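Hello,

Here is the structure I promised to pass on to you. Please open it first, and then read my notes below.

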Amino acid sequence: MLKENFKKTQTASKGIKRVRTSKPAKDKNSDKIHIPDGLFKKCPNCNEIVFVEDVVDNSHICPVCGYYFKLMARARISMVVDKGSFEEWDTNLLTEDPLCFPGYYKKLEKVQSVTDLDEAVITGKCTIRGYETCIGVMSSDFLMGSMGSVVGEKITRLFEKATDKNLPVILFCCSGGARMQEGTISLMQMAKTSQAVKRHSEAGLLYISFLTDPTTGGVTASFAMLGDVILAEPEALIGFAGPRVIEQTIKQKLPEGFQRAEFLVKHGFVDRIVKRKGIRKSLAYLLASAGYNKKGDE
Amino acid sequence: MAGKSQKESVADELFNVEFVDRDELTPWDRVLLARDKERPYALDYINGIFDEFMELHGDRAFGDDGAIVGGIASIDGKYVTVIGQQKGRSIKQNIKRNFGMPSPEGYRKAIRLMKQAEKFHRPIICFVDTPGAFCGMEAEERGQGQAIANNLYEMSSLETPVLSIVIGEGGSGGALAMAVANEVWMLENSMYSVLSPEGFASILWKDGDRTAQAAEMMKCTSKELEKLQIVDKVIDEPKPADVKDMESLNFVLKQEIINFLKRYEKITPKQAAEERYERFRRF
(Lines give C-alpha, C1' and ligand atoms only; values in the text may rest on other atoms or scores of the structure.)
Protein backbone atom coordinates (compact mmCIF):
# COMPACT_ATOMS: atom_id res chain seq x y z
CA MET A 1 0.00 0.00 0.00
CA LEU A 2 2.65 2.45 1.08
CA LYS A 3 4.89 1.28 -1.66
CA GLU A 4 2.23 1.99 -4.19
CA ASN A 5 1.85 5.46 -2.93
CA PHE A 6 5.51 6.08 -3.28
CA LYS A 7 5.48 4.63 -6.76
CA LYS A 8 3.60 7.56 -8.15
CA THR A 9 5.54 10.00 -6.07
CA GLN A 10 5.67 13.50 -7.29
CA THR A 11 9.35 13.78 -6.48
CA ALA A 12 9.89 12.20 -9.85
CA SER A 13 7.89 14.92 -11.53
CA LYS A 14 9.88 17.45 -9.58
CA GLY A 15 12.99 16.15 -11.28
CA ILE A 16 11.38 16.42 -14.65
CA LYS A 17 10.18 19.86 -13.91
CA ARG A 18 13.70 20.97 -13.09
CA VAL A 19 14.95 19.82 -16.43
CA ARG A 20 12.29 21.95 -18.01
CA THR A 21 13.04 25.06 -16.04
CA SER A 22 13.53 27.07 -19.17
CA LYS A 23 9.84 26.60 -19.83
CA PRO A 24 7.88 27.78 -16.84
CA ALA A 25 4.71 26.60 -18.48
CA LYS A 26 1.80 25.48 -16.35
CA ASP A 27 2.30 22.06 -14.90
CA LYS A 28 -1.01 20.37 -15.48
CA ASN A 29 -0.77 18.21 -12.37
CA SER A 30 -0.07 21.06 -10.07
CA ASP A 31 -3.36 22.75 -10.81
CA LYS A 32 -5.46 19.72 -10.44
CA ILE A 33 -4.72 18.40 -7.05
CA HIS A 34 -6.77 15.47 -6.07
CA ILE A 35 -7.03 14.86 -2.41
CA PRO A 36 -5.95 12.67 -0.75
CA ASP A 37 -4.65 9.78 -2.80
CA GLY A 38 -1.00 10.72 -2.71
CA LEU A 39 1.23 11.16 0.26
CA PHE A 40 2.95 14.22 -1.09
CA LYS A 41 2.18 16.95 -3.48
CA LYS A 42 3.90 19.94 -4.88
CA CYS A 43 2.83 23.46 -4.16
CA PRO A 44 2.38 25.25 -7.50
CA ASN A 45 3.37 28.54 -5.90
CA CYS A 46 6.62 27.77 -4.03
CA ASN A 47 7.35 24.41 -5.69
CA GLU A 48 7.98 22.82 -2.31
CA ILE A 49 7.01 19.20 -1.86
CA VAL A 50 4.64 19.04 1.06
CA PHE A 51 2.86 16.30 2.99
CA VAL A 52 -0.74 16.02 1.86
CA GLU A 53 -1.80 15.42 5.46
CA ASP A 54 -0.17 18.66 6.57
CA VAL A 55 -1.96 20.52 3.81
CA VAL A 56 -5.36 19.06 4.69
CA ASP A 57 -4.83 19.82 8.40
CA ASN A 58 -3.91 23.35 7.39
CA SER A 59 -7.26 23.96 5.62
CA HIS A 60 -5.69 23.10 2.25
CA ILE A 61 -3.20 25.90 2.54
CA CYS A 62 0.48 25.35 1.75
CA PRO A 63 2.27 25.16 5.13
CA VAL A 64 5.37 26.67 3.54
CA CYS A 65 4.16 29.69 1.58
CA GLY A 66 0.47 30.04 2.42
CA TYR A 67 -0.75 29.24 -1.10
CA TYR A 68 -4.42 28.27 -1.36
CA PHE A 69 -4.68 24.90 -3.07
CA LYS A 70 -7.67 24.56 -5.37
CA LEU A 71 -10.35 22.89 -3.34
CA MET A 72 -12.64 20.39 -4.99
CA ALA A 73 -16.21 20.03 -3.83
CA ARG A 74 -15.89 17.01 -1.53
CA ALA A 75 -12.85 18.45 0.23
CA ARG A 76 -14.64 21.78 0.64
CA ILE A 77 -17.66 20.09 2.19
CA SER A 78 -15.59 18.18 4.71
CA MET A 79 -13.72 21.36 5.60
CA VAL A 80 -16.80 23.52 6.10
CA VAL A 81 -19.63 21.41 7.54
CA ASP A 82 -19.99 19.76 10.95
CA LYS A 83 -18.62 16.24 10.77
CA GLY A 84 -21.18 13.75 9.49
CA SER A 85 -23.93 16.35 9.08
CA PHE A 86 -24.01 16.51 5.29
CA GLU A 87 -26.99 14.97 3.53
CA GLU A 88 -26.64 15.01 -0.26
CA TRP A 89 -29.61 15.76 -2.56
CA ASP A 90 -30.57 15.24 -6.19
CA THR A 91 -27.79 13.00 -7.39
CA ASN A 92 -27.92 11.24 -10.76
CA LEU A 93 -29.91 13.77 -12.72
CA LEU A 94 -29.09 13.39 -16.39
CA THR A 95 -28.87 16.04 -19.10
CA GLU A 96 -30.95 15.65 -22.25
CA ASP A 97 -27.98 16.65 -24.40
CA PRO A 98 -30.06 19.17 -26.36
CA LEU A 99 -27.46 19.78 -29.07
CA CYS A 100 -26.69 16.06 -29.49
CA PHE A 101 -23.15 17.18 -28.91
CA PRO A 102 -20.73 14.52 -30.15
CA GLY A 103 -19.04 12.67 -27.30
CA TYR A 104 -20.76 14.69 -24.58
CA TYR A 105 -22.22 11.75 -22.61
CA LYS A 106 -18.94 9.91 -22.88
CA LYS A 107 -17.05 12.89 -21.58
CA LEU A 108 -19.47 13.25 -18.67
CA GLU A 109 -19.04 9.61 -17.76
CA LYS A 110 -15.30 9.95 -17.81
CA VAL A 111 -15.29 13.05 -15.64
CA GLN A 112 -17.74 11.43 -13.24
CA SER A 113 -15.47 8.46 -12.71
CA VAL A 114 -12.39 10.63 -12.20
CA THR A 115 -13.95 13.14 -9.82
CA ASP A 116 -16.38 11.10 -7.70
CA LEU A 117 -19.00 13.73 -8.55
CA ASP A 118 -22.14 13.29 -10.62
CA GLU A 119 -22.11 16.88 -11.84
CA ALA A 120 -20.25 20.15 -11.35
CA VAL A 121 -22.16 20.94 -8.15
CA ILE A 122 -22.99 19.05 -4.98
CA THR A 123 -26.08 20.16 -3.09
CA GLY A 124 -27.68 19.19 0.17
CA LYS A 125 -28.23 20.06 3.78
CA CYS A 126 -25.82 20.24 6.70
CA THR A 127 -25.07 21.98 9.94
CA ILE A 128 -22.27 24.48 10.47
CA ARG A 129 -21.35 24.97 14.11
CA GLY A 130 -24.78 23.64 14.89
CA TYR A 131 -26.71 25.94 12.52
CA GLU A 132 -28.83 24.05 10.04
CA THR A 133 -28.43 25.24 6.45
CA CYS A 134 -28.73 24.19 2.84
CA ILE A 135 -25.42 24.13 1.05
CA GLY A 136 -24.13 23.86 -2.49
CA VAL A 137 -20.54 23.52 -3.62
CA MET A 138 -19.35 23.79 -7.21
CA SER A 139 -16.26 21.98 -8.37
CA SER A 140 -13.83 23.26 -10.96
CA ASP A 141 -12.52 19.79 -11.76
CA PHE A 142 -15.85 18.91 -13.39
CA LEU A 143 -15.78 20.52 -16.86
CA MET A 144 -14.55 23.77 -15.27
CA GLY A 145 -17.59 23.89 -13.02
CA SER A 146 -19.63 24.91 -16.04
CA MET A 147 -23.41 25.26 -15.72
CA GLY A 148 -25.55 23.05 -17.92
CA SER A 149 -29.12 21.96 -17.32
CA VAL A 150 -28.25 19.59 -14.46
CA VAL A 151 -26.20 22.15 -12.53
CA GLY A 152 -28.98 24.69 -13.06
CA GLU A 153 -31.62 22.19 -11.93
CA LYS A 154 -29.69 21.13 -8.81
CA ILE A 155 -29.16 24.73 -7.75
CA THR A 156 -32.79 25.63 -8.48
CA ARG A 157 -34.00 22.67 -6.41
CA LEU A 158 -31.59 23.65 -3.64
CA PHE A 159 -33.23 27.07 -3.38
CA GLU A 160 -36.74 25.65 -3.74
CA LYS A 161 -36.19 23.09 -1.00
CA ALA A 162 -34.59 25.71 1.21
CA THR A 163 -37.65 27.93 0.67
CA ASP A 164 -39.96 25.02 1.61
CA LYS A 165 -37.95 24.14 4.68
CA ASN A 166 -37.40 27.75 5.76
CA LEU A 167 -33.65 27.31 5.64
CA PRO A 168 -30.82 29.60 4.51
CA VAL A 169 -28.58 28.72 1.57
CA ILE A 170 -24.81 28.87 1.42
CA LEU A 171 -23.39 28.42 -2.06
CA PHE A 172 -19.70 28.08 -2.85
CA CYS A 173 -19.41 29.26 -6.44
CA CYS A 174 -16.67 28.22 -8.78
CA SER A 175 -17.28 28.09 -12.49
CA GLY A 176 -16.08 28.99 -15.92
CA GLY A 177 -19.65 29.97 -16.84
CA ALA A 178 -22.42 28.46 -18.93
CA ARG A 179 -21.76 25.04 -20.44
CA MET A 180 -21.09 25.34 -24.13
CA GLN A 181 -22.09 21.75 -24.88
CA GLU A 182 -25.72 22.49 -24.01
CA GLY A 183 -26.02 25.71 -26.01
CA THR A 184 -28.91 28.05 -25.37
CA ILE A 185 -30.39 25.66 -22.80
CA SER A 186 -27.38 26.49 -20.61
CA LEU A 187 -28.19 30.15 -20.99
CA MET A 188 -31.72 29.54 -19.74
CA GLN A 189 -30.27 28.13 -16.50
CA MET A 190 -29.17 31.64 -15.58
CA ALA A 191 -32.77 32.83 -15.58
CA LYS A 192 -34.04 29.68 -13.90
CA THR A 193 -31.60 29.84 -10.99
CA SER A 194 -31.95 33.62 -10.53
CA GLN A 195 -35.71 33.43 -10.18
CA ALA A 196 -35.40 30.64 -7.60
CA VAL A 197 -33.00 32.87 -5.63
CA LYS A 198 -35.58 35.65 -5.82
CA ARG A 199 -38.35 33.48 -4.37
CA HIS A 200 -36.06 32.31 -1.58
CA SER A 201 -35.24 35.91 -0.81
CA GLU A 202 -38.88 36.97 -0.86
CA ALA A 203 -39.55 34.33 1.79
CA GLY A 204 -37.20 36.30 4.04
CA LEU A 205 -34.42 33.75 3.97
CA LEU A 206 -30.67 34.33 3.95
CA TYR A 207 -28.47 33.48 0.99
CA ILE A 208 -24.72 33.67 1.37
CA SER A 209 -22.80 33.47 -1.87
CA PHE A 210 -19.17 32.47 -1.38
CA LEU A 211 -17.02 33.11 -4.44
CA THR A 212 -13.96 30.95 -4.98
CA ASP A 213 -11.34 30.81 -7.69
CA PRO A 214 -12.50 31.17 -10.46
CA THR A 215 -16.07 32.49 -10.70
CA THR A 216 -16.80 33.87 -14.16
CA GLY A 217 -19.30 34.08 -17.02
CA GLY A 218 -22.90 33.05 -16.65
CA VAL A 219 -22.51 32.04 -13.03
CA THR A 220 -21.21 35.49 -12.08
CA ALA A 221 -24.04 36.97 -14.11
CA SER A 222 -26.66 35.02 -12.17
CA PHE A 223 -26.78 33.47 -8.70
CA ALA A 224 -23.16 34.21 -7.71
CA MET A 225 -23.86 37.95 -7.55
CA LEU A 226 -27.27 37.64 -5.90
CA GLY A 227 -26.33 36.81 -2.31
CA ASP A 228 -27.60 38.88 0.61
CA VAL A 229 -24.01 38.65 1.67
CA ILE A 230 -21.27 37.96 -0.87
CA LEU A 231 -17.99 36.60 0.49
CA ALA A 232 -14.87 35.64 -1.42
CA GLU A 233 -11.65 33.73 -0.91
CA PRO A 234 -8.44 35.77 -1.09
CA GLU A 235 -7.23 36.40 -4.64
CA ALA A 236 -10.11 34.49 -6.23
CA LEU A 237 -10.65 35.48 -9.86
CA ILE A 238 -14.17 36.90 -10.18
CA GLY A 239 -15.60 38.50 -13.31
CA PHE A 240 -18.07 38.31 -16.14
CA ALA A 241 -15.72 38.22 -19.12
CA GLY A 242 -12.60 36.18 -18.43
CA PRO A 243 -9.26 38.03 -18.37
CA ARG A 244 -8.00 36.35 -21.54
CA VAL A 245 -11.07 37.36 -23.50
CA ILE A 246 -10.76 40.94 -22.30
CA GLU A 247 -7.07 41.07 -23.20
CA GLN A 248 -7.83 39.76 -26.67
CA THR A 249 -10.62 42.28 -27.10
CA ILE A 250 -8.89 45.41 -25.89
CA LYS A 251 -5.46 44.24 -27.08
CA GLN A 252 -3.62 45.25 -23.93
CA LYS A 253 -2.46 43.52 -20.78
CA LEU A 254 -4.64 43.78 -17.74
CA PRO A 255 -3.14 45.30 -14.62
CA GLU A 256 -2.00 43.07 -11.76
CA GLY A 257 -4.83 42.16 -9.44
CA PHE A 258 -7.59 42.99 -11.97
CA GLN A 259 -10.75 40.95 -11.26
CA ARG A 260 -9.28 39.47 -8.08
CA ALA A 261 -11.42 39.29 -4.96
CA GLU A 262 -9.67 42.33 -3.44
CA PHE A 263 -10.47 44.34 -6.59
CA LEU A 264 -14.14 43.44 -6.27
CA VAL A 265 -14.22 44.51 -2.64
CA LYS A 266 -12.68 47.81 -3.65
CA HIS A 267 -15.28 48.34 -6.36
CA GLY A 268 -18.15 47.44 -4.08
CA PHE A 269 -19.25 44.06 -5.41
CA VAL A 270 -18.07 41.75 -2.63
CA ASP A 271 -18.83 42.31 1.05
CA ARG A 272 -15.63 40.86 2.43
CA ILE A 273 -12.80 38.46 1.96
CA VAL A 274 -12.75 35.46 4.24
CA LYS A 275 -9.66 33.35 4.73
CA ARG A 276 -10.07 29.61 4.68
CA LYS A 277 -9.50 29.18 8.37
CA GLY A 278 -12.22 31.69 9.17
CA ILE A 279 -14.94 30.28 6.93
CA ARG A 280 -16.85 28.27 9.54
CA LYS A 281 -16.70 31.08 12.06
CA SER A 282 -17.86 33.72 9.58
CA LEU A 283 -20.72 31.60 8.27
CA ALA A 284 -21.92 30.73 11.77
CA TYR A 285 -21.81 34.41 12.72
CA LEU A 286 -23.88 35.43 9.69
CA LEU A 287 -26.40 32.62 10.27
CA ALA A 288 -26.82 33.67 13.90
CA SER A 289 -27.14 37.33 12.95
CA ALA A 290 -29.97 36.55 10.54
CA GLY A 291 -31.96 35.03 13.37
CA TYR A 292 -31.40 31.32 12.78
CA ASN A 293 -31.10 29.05 15.80
CA LYS A 294 -28.80 26.17 16.43
CA LYS A 295 -30.39 22.84 15.65
CA GLY A 296 -32.20 21.57 18.73
CA ASP A 297 -32.20 24.99 20.39
CA GLU A 298 -35.51 26.19 19.01
CA MET B 1 -32.75 56.81 -43.54
CA ALA B 2 -29.72 54.78 -44.41
CA GLY B 3 -28.38 55.49 -47.86
CA LYS B 4 -27.56 52.83 -50.38
CA SER B 5 -24.47 51.06 -49.18
CA GLN B 6 -21.69 50.65 -51.68
CA LYS B 7 -21.13 47.06 -50.77
CA GLU B 8 -24.01 44.72 -51.32
CA SER B 9 -25.71 43.72 -48.14
CA VAL B 10 -25.73 40.11 -47.06
CA ALA B 11 -29.38 39.92 -47.95
CA ASP B 12 -28.70 41.18 -51.45
CA GLU B 13 -25.92 38.69 -51.86
CA LEU B 14 -27.97 35.76 -50.71
CA PHE B 15 -31.05 36.78 -52.59
CA ASN B 16 -29.75 38.06 -55.87
CA VAL B 17 -31.33 35.04 -57.44
CA GLU B 18 -34.96 35.91 -57.49
CA PHE B 19 -36.64 32.95 -55.88
CA VAL B 20 -34.44 31.54 -53.22
CA ASP B 21 -35.96 28.91 -51.03
CA ARG B 22 -35.84 30.31 -47.50
CA ASP B 23 -35.60 26.84 -46.08
CA GLU B 24 -32.33 26.36 -47.86
CA LEU B 25 -30.54 29.03 -45.87
CA THR B 26 -27.88 27.49 -43.67
CA PRO B 27 -27.60 28.49 -40.00
CA TRP B 28 -24.49 30.46 -40.88
CA ASP B 29 -26.38 32.37 -43.60
CA ARG B 30 -28.88 33.31 -40.97
CA VAL B 31 -26.16 34.44 -38.55
CA LEU B 32 -24.82 36.71 -41.28
CA LEU B 33 -28.30 38.04 -41.95
CA ALA B 34 -28.82 38.66 -38.23
CA ARG B 35 -25.69 40.82 -38.25
CA ASP B 36 -26.39 42.54 -41.55
CA LYS B 37 -25.92 46.30 -41.58
CA GLU B 38 -29.08 46.75 -43.61
CA ARG B 39 -31.15 44.92 -41.03
CA PRO B 40 -33.46 47.17 -39.01
CA TYR B 41 -32.31 48.03 -35.51
CA ALA B 42 -34.40 48.60 -32.39
CA LEU B 43 -35.22 52.26 -33.04
CA ASP B 44 -36.25 51.46 -36.61
CA TYR B 45 -38.91 49.11 -35.26
CA ILE B 46 -39.86 51.38 -32.38
CA ASN B 47 -40.45 54.33 -34.68
CA GLY B 48 -42.25 52.19 -37.22
CA ILE B 49 -44.56 50.24 -34.93
CA PHE B 50 -45.58 52.61 -32.16
CA ASP B 51 -47.74 55.67 -32.55
CA GLU B 52 -45.62 57.74 -30.17
CA PHE B 53 -42.37 57.22 -28.32
CA MET B 54 -40.76 59.31 -25.61
CA GLU B 55 -37.23 58.28 -24.78
CA LEU B 56 -36.04 58.32 -21.16
CA HIS B 57 -32.37 58.29 -20.22
CA GLY B 58 -29.97 57.24 -17.50
CA ASP B 59 -29.44 54.66 -14.77
CA ARG B 60 -29.62 57.22 -11.90
CA ALA B 61 -26.23 56.06 -10.70
CA PHE B 62 -23.48 56.38 -13.27
CA GLY B 63 -24.55 57.40 -16.73
CA ASP B 64 -26.64 56.84 -19.81
CA ASP B 65 -25.71 53.92 -22.02
CA GLY B 66 -26.29 54.50 -25.72
CA ALA B 67 -26.36 50.76 -26.40
CA ILE B 68 -29.75 50.55 -24.71
CA VAL B 69 -32.65 52.85 -25.52
CA GLY B 70 -35.85 52.93 -23.56
CA GLY B 71 -38.94 54.95 -22.94
CA ILE B 72 -42.69 55.10 -23.05
CA ALA B 73 -44.57 54.37 -26.24
CA SER B 74 -48.18 54.15 -27.23
CA ILE B 75 -49.81 51.55 -29.41
CA ASP B 76 -53.48 50.94 -30.15
CA GLY B 77 -54.46 53.53 -27.56
CA LYS B 78 -52.41 51.92 -24.79
CA TYR B 79 -49.15 52.90 -23.15
CA VAL B 80 -46.26 50.46 -22.92
CA THR B 81 -42.63 50.67 -21.83
CA VAL B 82 -40.29 49.86 -24.67
CA ILE B 83 -36.61 48.98 -24.25
CA GLY B 84 -34.23 48.02 -27.01
CA GLN B 85 -30.61 47.21 -27.56
CA GLN B 86 -29.48 49.62 -30.23
CA LYS B 87 -26.68 49.23 -32.76
CA GLY B 88 -25.31 51.98 -34.98
CA ARG B 89 -24.74 52.05 -38.73
CA SER B 90 -22.06 54.72 -39.07
CA ILE B 91 -18.84 54.94 -37.10
CA LYS B 92 -20.15 57.94 -35.26
CA GLN B 93 -23.33 56.15 -34.32
CA ASN B 94 -21.42 53.08 -33.30
CA ILE B 95 -19.28 55.06 -30.92
CA LYS B 96 -22.46 56.28 -29.29
CA ARG B 97 -24.12 52.86 -29.39
CA ASN B 98 -20.95 50.88 -28.65
CA PHE B 99 -21.92 48.43 -31.43
CA GLY B 100 -24.96 47.42 -29.43
CA MET B 101 -22.89 46.05 -26.57
CA PRO B 102 -24.43 47.31 -23.34
CA SER B 103 -22.45 48.31 -20.27
CA PRO B 104 -23.63 47.78 -16.69
CA GLU B 105 -25.30 51.20 -16.66
CA GLY B 106 -27.33 50.14 -19.68
CA TYR B 107 -28.72 47.11 -17.88
CA ARG B 108 -29.39 49.24 -14.83
CA LYS B 109 -31.27 51.76 -16.94
CA ALA B 110 -33.30 48.91 -18.44
CA ILE B 111 -34.32 47.49 -15.06
CA ARG B 112 -35.09 50.97 -13.77
CA LEU B 113 -37.51 51.51 -16.62
CA MET B 114 -39.02 48.07 -16.12
CA LYS B 115 -39.67 48.74 -12.43
CA GLN B 116 -41.22 52.03 -13.44
CA ALA B 117 -43.46 50.18 -15.91
CA GLU B 118 -44.51 47.75 -13.19
CA LYS B 119 -45.40 50.61 -10.88
CA PHE B 120 -47.63 52.27 -13.48
CA HIS B 121 -49.08 49.02 -14.85
CA ARG B 122 -47.57 49.30 -18.28
CA PRO B 123 -46.66 46.14 -20.19
CA ILE B 124 -43.00 45.89 -21.24
CA ILE B 125 -41.75 45.21 -24.74
CA CYS B 126 -38.03 44.52 -25.28
CA PHE B 127 -36.15 44.43 -28.55
CA VAL B 128 -33.09 42.21 -28.23
CA ASP B 129 -30.16 42.79 -30.57
CA THR B 130 -26.66 42.54 -29.16
CA PRO B 131 -23.46 40.65 -29.94
CA GLY B 132 -23.12 40.35 -26.15
CA ALA B 133 -22.57 42.45 -23.07
CA PHE B 134 -19.62 44.81 -23.45
CA CYS B 135 -16.34 43.10 -22.72
CA GLY B 136 -13.88 45.61 -21.31
CA MET B 137 -12.14 46.82 -18.19
CA GLU B 138 -14.62 49.56 -17.32
CA ALA B 139 -17.55 47.17 -17.65
CA GLU B 140 -15.91 44.74 -15.23
CA GLU B 141 -15.08 47.51 -12.78
CA ARG B 142 -18.68 48.60 -12.71
CA GLY B 143 -19.97 45.06 -12.26
CA GLN B 144 -21.17 43.69 -15.58
CA GLY B 145 -21.94 40.32 -14.02
CA GLN B 146 -23.84 41.87 -11.13
CA ALA B 147 -25.85 44.10 -13.44
CA ILE B 148 -26.98 41.19 -15.61
CA ALA B 149 -27.68 38.98 -12.59
CA ASN B 150 -29.80 41.71 -11.06
CA ASN B 151 -31.86 42.04 -14.25
CA LEU B 152 -32.58 38.30 -14.32
CA TYR B 153 -33.47 38.44 -10.64
CA GLU B 154 -35.79 41.43 -10.85
CA MET B 155 -37.37 40.56 -14.19
CA SER B 156 -38.44 37.15 -12.90
CA SER B 157 -41.00 38.69 -10.56
CA LEU B 158 -42.19 41.81 -12.41
CA GLU B 159 -45.92 42.04 -11.97
CA THR B 160 -46.66 43.12 -15.50
CA PRO B 161 -46.53 41.25 -18.82
CA VAL B 162 -43.17 41.22 -20.59
CA LEU B 163 -42.59 40.47 -24.26
CA SER B 164 -39.09 40.12 -25.72
CA ILE B 165 -38.46 40.04 -29.45
CA VAL B 166 -35.05 38.97 -30.72
CA ILE B 167 -34.66 41.07 -33.86
CA GLY B 168 -31.01 40.40 -34.73
CA GLU B 169 -28.31 38.93 -32.56
CA GLY B 170 -29.20 37.45 -29.19
CA GLY B 171 -25.74 37.21 -27.70
CA SER B 172 -25.53 35.25 -24.47
CA GLY B 173 -26.19 36.70 -21.01
CA GLY B 174 -26.19 40.17 -22.50
CA ALA B 175 -29.32 39.25 -24.43
CA LEU B 176 -30.94 37.16 -21.71
CA ALA B 177 -30.81 40.16 -19.37
CA MET B 178 -33.60 41.61 -21.53
CA ALA B 179 -35.36 38.35 -22.35
CA VAL B 180 -36.79 36.98 -19.11
CA ALA B 181 -40.22 37.43 -20.61
CA ASN B 182 -43.66 35.86 -20.67
CA GLU B 183 -43.19 35.33 -24.37
CA VAL B 184 -39.99 35.36 -26.34
CA TRP B 185 -40.32 35.80 -30.09
CA MET B 186 -37.66 35.74 -32.75
CA LEU B 187 -37.60 37.15 -36.21
CA GLU B 188 -36.93 34.34 -38.63
CA ASN B 189 -33.39 35.42 -39.47
CA SER B 190 -32.22 36.27 -36.00
CA MET B 191 -30.07 34.17 -33.69
CA TYR B 192 -29.88 33.49 -29.97
CA SER B 193 -27.01 31.61 -28.41
CA VAL B 194 -24.82 31.09 -25.39
CA LEU B 195 -21.76 32.37 -27.24
CA SER B 196 -20.85 33.46 -30.75
CA PRO B 197 -20.17 30.83 -33.41
CA GLU B 198 -16.63 32.26 -33.54
CA GLY B 199 -16.15 31.67 -29.82
CA PHE B 200 -17.71 28.23 -30.03
CA ALA B 201 -15.41 27.22 -32.87
CA SER B 202 -12.31 28.53 -31.19
CA ILE B 203 -13.06 26.71 -27.94
CA LEU B 204 -14.07 23.50 -29.61
CA TRP B 205 -11.58 23.19 -32.44
CA LYS B 206 -9.13 25.94 -31.51
CA ASP B 207 -10.04 27.33 -34.90
CA GLY B 208 -12.11 30.48 -34.94
CA ASP B 209 -12.74 30.13 -38.66
CA ARG B 210 -14.96 27.07 -38.62
CA THR B 211 -17.89 29.30 -37.87
CA ALA B 212 -20.33 27.78 -40.35
CA GLN B 213 -19.88 24.37 -38.80
CA ALA B 214 -20.23 25.84 -35.32
CA ALA B 215 -23.45 27.64 -36.25
CA GLU B 216 -24.80 24.35 -37.54
CA MET B 217 -24.05 22.58 -34.28
CA MET B 218 -25.16 25.27 -31.87
CA LYS B 219 -28.86 25.29 -32.76
CA CYS B 220 -28.99 29.05 -32.58
CA THR B 221 -31.55 29.78 -35.32
CA SER B 222 -35.16 30.74 -34.71
CA LYS B 223 -36.68 27.51 -36.01
CA GLU B 224 -34.37 25.28 -33.98
CA LEU B 225 -34.99 27.28 -30.82
CA GLU B 226 -38.73 27.10 -31.42
CA LYS B 227 -38.40 23.33 -31.44
CA LEU B 228 -36.51 23.46 -28.15
CA GLN B 229 -39.34 25.68 -26.82
CA ILE B 230 -36.90 28.40 -25.90
CA VAL B 231 -38.85 30.62 -28.28
CA ASP B 232 -42.63 30.87 -28.45
CA LYS B 233 -43.13 32.41 -31.85
CA VAL B 234 -41.13 32.96 -35.00
CA ILE B 235 -42.05 36.00 -37.05
CA ASP B 236 -41.67 35.11 -40.72
CA GLU B 237 -39.46 37.13 -42.95
CA PRO B 238 -40.72 36.40 -46.47
CA LYS B 239 -37.65 38.31 -47.53
CA PRO B 240 -34.89 39.22 -45.06
CA ALA B 241 -35.77 42.26 -42.97
CA ASP B 242 -34.43 45.41 -44.58
CA VAL B 243 -34.38 48.85 -43.05
CA LYS B 244 -35.30 50.38 -46.40
CA ASP B 245 -38.46 48.37 -46.71
CA MET B 246 -40.01 47.52 -43.38
CA GLU B 247 -43.61 48.45 -43.86
CA SER B 248 -45.08 44.97 -44.13
CA LEU B 249 -42.86 43.61 -41.35
CA ASN B 250 -43.84 46.47 -39.06
CA PHE B 251 -47.48 45.86 -39.88
CA VAL B 252 -47.23 42.20 -38.89
CA LEU B 253 -45.29 43.00 -35.73
CA LYS B 254 -47.77 45.69 -34.75
CA GLN B 255 -50.71 43.29 -35.08
CA GLU B 256 -48.86 40.61 -33.14
CA ILE B 257 -47.97 43.02 -30.36
CA ILE B 258 -51.55 44.28 -30.14
CA ASN B 259 -52.74 40.68 -29.88
CA PHE B 260 -50.18 40.01 -27.17
CA LEU B 261 -51.41 43.00 -25.18
CA LYS B 262 -55.00 41.84 -25.58
CA ARG B 263 -54.14 38.34 -24.39
CA TYR B 264 -52.47 39.71 -21.29
CA GLU B 265 -55.24 42.11 -20.44
CA LYS B 266 -57.18 39.10 -19.31
CA ILE B 267 -54.75 37.96 -16.64
CA THR B 268 -53.74 39.68 -13.44
CA PRO B 269 -50.26 41.15 -12.96
CA LYS B 270 -49.56 38.47 -10.35
CA GLN B 271 -50.51 35.75 -12.82
CA ALA B 272 -48.19 37.28 -15.38
CA ALA B 273 -45.28 36.98 -12.93
CA GLU B 274 -46.28 33.43 -12.02
CA GLU B 275 -46.54 32.41 -15.65
CA ARG B 276 -43.10 33.85 -16.38
CA TYR B 277 -41.63 31.90 -13.48
CA GLU B 278 -43.12 28.67 -14.77
CA ARG B 279 -41.90 29.38 -18.28
CA PHE B 280 -38.28 29.47 -17.16
CA ARG B 281 -38.64 26.82 -14.47
CA ARG B 282 -39.18 24.11 -17.05
CA PHE B 283 -35.72 24.43 -18.61
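At what angle do helix 3 and helix 12 of chain B pack? Before the reply, some ground rules: this is a predicted model, in which local features need pLDDT of at least 70 and side-chain atom pairs count only at pLDDT 80 or more, while totals for chains, interfaces and linings use all residues. Residues are numbered from 1 along each chain as its sequence is written, chains are lettered from A and ligands numbered from 1 in the order in which they are written, and side-chain values use heavy atoms, leaving out hydrogens and water.

Helix 3 (residues 42–49) and helix 12 (residues 247–265) of chain B pack at about 70°, and their axes are 9 Å apart. The two helices are therefore roughly perpendicular (65 to 115 degrees). Helices here are DSSP runs of H or I with at least four residues, and strands are runs of E with at least two, numbered from the N terminus. Axes are lines fitted to C-alpha atoms, for helices over the stretch in contact, and angles run from 0 to 180 degrees between N-to-C directions.

Now for chain A. Its open sheet of seven strands has the order 3-4-5-6-7-8-9, with mixed pairing (at least two DSSP bridges between two strands). Strand 3 (87–89) and strand 9 (272–273) of chain A are the edges. Strands 4 and 5 of chain A run antiparallel, joined by eight bridges, and A:Ile128 stands opposite A:Tyr131.

Enjoy exploring!

Key: Parallel < 35°, antiparallel > 145°, perpendicular 65-115°, else oblique.
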